[in-house]
Structures are given as C-alpha cells and as structure tokens.
Amino acid sequence: MAKKVGMEVSVAIGEAVKLANADVVAAYPITPQTHIVEHLASLVADGELDAAYIPVESEHSAMSACLGSAAVGARTFTATAGQGLELMHEVLYVAASMRLPLVMTVANRALSSPLSVWGDHSDAMAVRDTGWIQLFTENGQEVVDNVFCAFRIAEDQKVLLPVMVHLDGFHLSHVIEPIVFPEQSEVDKFLPPNHYPLVLHPDKPVTMGDFAPPIIYSEAKWAQEVNLRASKEVILQTWQDFGKAFGRYYSPVESYHTEDAKVLLLTMGSFSETAMTVIDKLRGEGREVGLVRLRLWRPFPFNEIRQAVKNAETLVVVDRALSFGGPGGPVCSEVKSALYGEAKKPKVVSFVAGLGGRDITPAGFEEIINKGIEISQKGSDNEFEIFGVRE
Amino acid sequence: MTKPEGELTWKDLEIGAIVTEPGSAAQYKTGDWRSQRPTYDFAKCIKCALCQIFCPEGCIHQNADEYFEADLFYCKGCGICAKECLTKVITMVEEEE
C-alpha cells in the first residue's frame with residue numbers, strides 16, 4: 001500500500017533516491033538544493049541507505065566523481081542548483097558524450113550577478129545544449145515520480161544518458177507537500193537493476209572519453225544526437241509504464257482546457273500550477289483560454305508542441321530566463337522554431353517573468369494573458385517583454 | 001579496430017565512442033604532423049643513446065646495425081634529437097626535400 005505523507009520536497013527527493021536504491025551520491029551543498037543532499041547524507045550515515053556518499057570540494061568535482069561512479073556501473077545520483085550547475089558545466093558535456101547514465105535533480109536558481117539565491121530557469125537554460133535529457137516538474141509528487149522515471153530512462157540500454165530533473169528552487173524545493181510514496185517492492189519492480197554494458201573493469205579494459213581526431217569526431221557527435229532524439233521513445237514508454245503501475249501519467253506536453261481555446265498560455269515548471277487556477281477562473285467567466293505545460297525540455301518535443309497549439313489564434317509564452325541579446329525567452333524561441341514551417345499557426349507573444357524568485361501571482365498571469373491578446377492584435381515593437389519590470 | 005578510422009560510420013562506434021581495444025593508440029600515426037624529418041650520418045655515431053633518452057615521443061630505437069634511428073610512423077619532427085646529439089649525427093631536413 002502506498003503511503004501519503006506530508007514532507008518537504010527536498011527531503012522527499014532524498015527518500016525517492018533511497019527507494020531507487022542508489023549506490024553512489026557525490027554532491028556539494030548549494031542553496032536551494034542543500035536539503036536534498038543533506039538528507040541523503042543522513043540516510044547514508046544512519047545506515048538506512050547502503051550507498052557511498054562522497055563529500056567533494058566543489059560541484060566540478062561532484063560531477064567528475066559521478067562520471068567515475070557511473071562508469072563502473074553504479075547507480076549514481078547528485079543534485080545542484082544555480083552557480084553549482086554552472087561550475088559543473090564542462091563535465092556535464094562529458095557525462096552526456098560518454099553516455100553515462102546518472103540522475104541529477106536541479107533546484108533551479110537565478111545566476112549571479114547580482115547575487116540571487118532565489119529561483120528562475122537561468123541555470124537550466126545555460127546547460128540546455130550539454131546533451132542531457134531534461135525534465136521539468138510542477139509539484140513535489142511529480143519530482144518524486146520523475147526521480148524513479150529518470151533512473152529507468154537513464155539506465156535503459158537504448159538510452160544510456162544522464163537525466164536532469166528540474167524543480168523550481170524554493171517554490172518547490174522548500175515547500176511541504178502531500179506526497180504518495182510507493183512501496184519498496186513496487187519501486188524494485190518498476191526500476192530494474194542497472195547494467196551498464198561497457199563498465200570500467202580491469203578484466204576487460206576500455207578507454208572512455210578518448211581523444212578523437214577530426215576524421216572521427218563528427219561521427220561521434222552524430223551518434224550522440226541520434227541517440228538523444230531516439231531516447232524520446234523510451235521516455236514516453238517509461239511514463240506510460242509508470243502510469244500503469246502508479247496511476248499518475250506524464251507526457252512531454254500537457255494540455256489544460258485547450259479544447260476550443262483561441263488563446264493559449266504556455267508555461268514550464270511549478271508556476272504552471274498557478275497558471276491553471278487562472279485558466280479555471282477565466283473559463284468560469286466564459287473566456288476561451290487554455291494552458292499548455294511543457295515538461296520535456298530535451299529532447300524537445302517539436303511535434304507535440306505543434307499539435308498542442310495548432311488550433312489557437314494567440315499563444316502567450318512565459319519564460320523564466322533571459323537569453324541576453326537573443327530572442328528573449330529560450331522556451332519561446334524553441335516554440336517559434338517548432339512552428340516556423342507550419343502553414344497554420346498562432347501568433348506567438350513572448351514574456352519573460354518570475355526572474356530571481358519574483359512571484360507571478362494569479363492576477364499577474366491574468367494580466368499576462370490580457371496583454372498577450374492585446375499585443376497579438378495590435379502588434380508590438382518589442383520582440384519580448386519582461387513582465388512587471390518597473391520602467 | 002575492425003575498420004580504419006576513416007571508414008568508420010557513426011553506427012560502427014561503441015556507445016560514447018568508447019574504445020574497447022587496449023593499446024589502440026599505437027595505431028595513431030603522429031608522423032604525419034611532421035614538417036621536418038631527421039637524417040643520419042651514422043659514421044659519426046658513438047651509440048651513446050642520448051637521442052633516445054631525449055626523444056619526447058619514445059620513437060627512437062636501434063636499427064639492425066645498432067645505430068639509433070627514429071620510427072617515422074611516430075616521429076613528429078621536433079628536432080630535439082638533432083639538438084642533443086653530441087657528435088652531430090642528425091640533421092633535420094624539410095619534408096619536401
């Protein structure tokens with residue numbers, strides 16, 4: 001019987017990693033992720049989780065230790081946030097390029113400077129192209145569920161890639177939520193043991209991350225790209241199997257009251273839950289609005305996005321990160337790319353909001369929707385707007 | 001390696017381009033980096049092995065007559081052997097000569 005408990009989401013992640021029976025945790029504490037690895041350190045120290053906990057001197061070392069651990073076939077977990085994710089940056093590429101399955105939760109945090117420990121998606125967007133599978137979550141239950149799914153996806157023989165599970169720093173990491181935990185036997189059934197096919201072992205030596213001259217580098221990169229794209233099939237199957245086993249279904253793009261909606265709002269992460277209450281309110285007032293929530297960030301679900309928004313007249317995209325000197329919001333930029341070749345497509349309006357932990361209230365989302373409709377009808381000189389910025 | 005590197009397609013690579021054959025770096029021809037190659041006047045050679053000790057590539061071995069000579073498959077043409085040789089046996093010449 002599954003148990004429902006009230007628990008801080010960070011602590012719940014630690015419990016999920018314990019249920020997933022991780023062999024190695026190598027991590028460095030950083031706000032707002034600290035409670036995750038703090039709880040895991042306690043579980044290991046108290047003998048509740050039979051794992052090696054490697055306290056390292058930096059996030060660069062944390063990810064490097066994870067490479068070694070995954071390379072010998074150990075089930076490997078780490079967590080970080082913001083500046084910590086950036087310090088890992090070069091090693092993130094190595095993990096994905098060497099096809100090492102490991103799981104990392106990222107409590108998304110704004111980047112310095114000015115220094116901010118509060119949440120937005122700047123850190124996630126800066127590691128967009130590292131080759132990791134990246135999932136976004138909206139509440140504590142989704143994070144816990146997707147920790148199990150992430151291990152299964154990462155370790156699938158057809159995938160063998162690292163997976164990042166993003167959760168909004170503070171807005172999600174530090175709240176206490178009701179969470180249903182599966183029984184150990186149910187997790188064991190859903191998540192088979194990890195069998196990395198080419199482990200580092202003296203009996204059968206291999207060289208990982210070797211140097212590749214120009215004659216072979218392109219082939220190595222194309223193999224990686226083909227593999228990351230193909231991972232989507234396994235991601236879909238894993239979510240399907242998870243749904244069958246536990247009754248909670250996930251998909252790359254999730255629609256909320258999009259049927260017959262002329263105006264769609266598109267969000268990613270925990271703010272989607274606030275947006276849903278606003279859609280409920282506006283629907284109650286008879287307005288034809290809906291919400292599209294993006295869950296799978298990499299590999300990007302181009303077709304699912306096209307299907308989800310094709311019948312709308314206006315699509316208002318809310319990003320929680322800025323691409324300096326670029327097209328405004330990174331999510332909006334991707335959505336526009338997906339729609340560029342389509343004959344029938346909505347007018348796309350880009351907002352950047354919720355930077356550095358600033359809330360977007362229900363009234364704020366309502367204003368964003370109304371302003372988006374106005375811009376799509378009248379046009380605007382701006383590629384995008386930062387919502388709520390004081391002029 | 002089953003095929004030469006230049007014929008491998010992306011499908012031929014192991015996951016993560018992992019190399020499963022130990023010592024395969026020996027197949028890597030560093031000799032084609034070379035712009036100069038060593039030439040020898042073995043009449044002056046005293047077989048002291050100083051060139052072999054200094055060679056950063058470790059590619060200098062004794063030939064059938066026990067004179068020290070670079071393996072041009074690996075020799076990058078750095079000229080350190082020519083600089084260090086006490087009896088001026090070695091002269092570096094441009095590759096096109």
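Predicted model: local features only at pLDDT ≥ 70, side-chain atom pairs only at ≥ 80, totals over all residues.
The contact between the chains draws 21 residues from chain A and 15 residues from chain B. About 1,500 Å² is buried between chain B and chain A. Carbon and sulfur atoms give 74% of that area. On the chain B side, B:Trp10, B:Ile15 and B:Ile18 supply 39% of the area that chain B buries against chain A. The side of chain B that touches chain A divides into 9 nonpolar, 4 polar and 2 charged residues. Polar pairing across the interface was also counted. The rule finds 0 salt bridges between chain B and chain A. The count of residue pairs in polar contact, with both residues at pLDDT 80 or more, is 1.

Aromatic rings were examined next. The whole structure holds 13 aromatic pairs over all chains. One of them joins A:Phe242 and A:Phe246. Their ring centres are 4.6 Å apart, with 35 degrees between the planes, and the pair is tilted. Both residues belong to helix α9 of chain A, which spans residues 214-246. They are 4 residues apart in that helix, so about one helical turn separates them. A:Phe242 is buried, at 1% relative accessibility. A:Phe246 also counts as buried, at 17% relative accessibility. In chain B, the ring centres of B:Tyr28 and B:Trp33 lie 6.4 Å apart. Their planes meet at 70 degrees, so this pair is edge-to-face. B:Tyr28 is partly exposed, with a relative accessible area of 25%. Ring pairs also build a cluster in chain A. A:Phe242 and A:Phe246 belong to this cluster, along with A:Phe190, A:Trp239 and A:Tyr250.

Side chains of opposite charge can pair when their charged atoms come close. The search finds 23 salt bridges over all chains. One of these pairs is formed by A:Arg295 and A:Glu142, with the closest N and O atoms 2.6 Å apart. A:Arg295 sits in the loop between β11 (289-294) and β12 (296-298) of chain A, whereas A:Glu142 sits in helix α7 (residues 140-155) of chain A. The pair therefore ties together parts that are 153 residues apart in sequence. Both A:Arg295 and A:Glu142 are buried.

A:Lys232 and A:Glu304 form a salt bridge at 2.9 Å, N to O. A:Lys232 lies in helix α9 and A:Glu304 in helix α11 (residues 302-309), both of chain A, so the bridge ties together parts 72 residues apart in sequence. Accessibility separates the two partners under the 20% cut-off for burial. A:Lys232 counts as buried at 17% relative accessibility, whereas A:Glu304 is partly exposed at 22%.

A:Glu334 and A:Arg298 form a further salt bridge, and their closest N and O atoms are 2.4 Å apart. This pair links distant parts of the chain. A:Glu334 lies in helix α12 (residues 330-339) of chain A, and A:Arg298 lies in strand β12 of chain A, 36 residues apart. A:Glu334 is buried, with a relative accessible area of 10%. A:Arg298 is buried as well, with a relative accessible area of 12%.

Key. Residues numbered from 1 in each chain as written. Chains lettered and ligands numbered in written order. Heavy atoms only, no water. Contact = heavy atoms within 4.5 Å. Buried area = accessible area lost by both parts, 1.4 Å probe. Salt bridge = Lys/Arg side-chain N within 4 Å of Asp/Glu carboxyl O. Polar contact = N/O pair within 3.5 Å; in protein donor to acceptor, adjacent residues only side chain to side chain. Nonpolar A, V, L, I, M, F, W, Y, C, P; charged D, E, K, R; others polar. Phe/Tyr/Trp six-rings, centres within 6.5 Å; stacked < 30°, edge-to-face > 60°. Helix = DSSP H or I, 4+ residues; strand = E, 2+ residues; numbered from the N terminus. Buried < 20%, exposed > 50% of the residue type's maximum accessible area, 1.4 Å probe, protein only.
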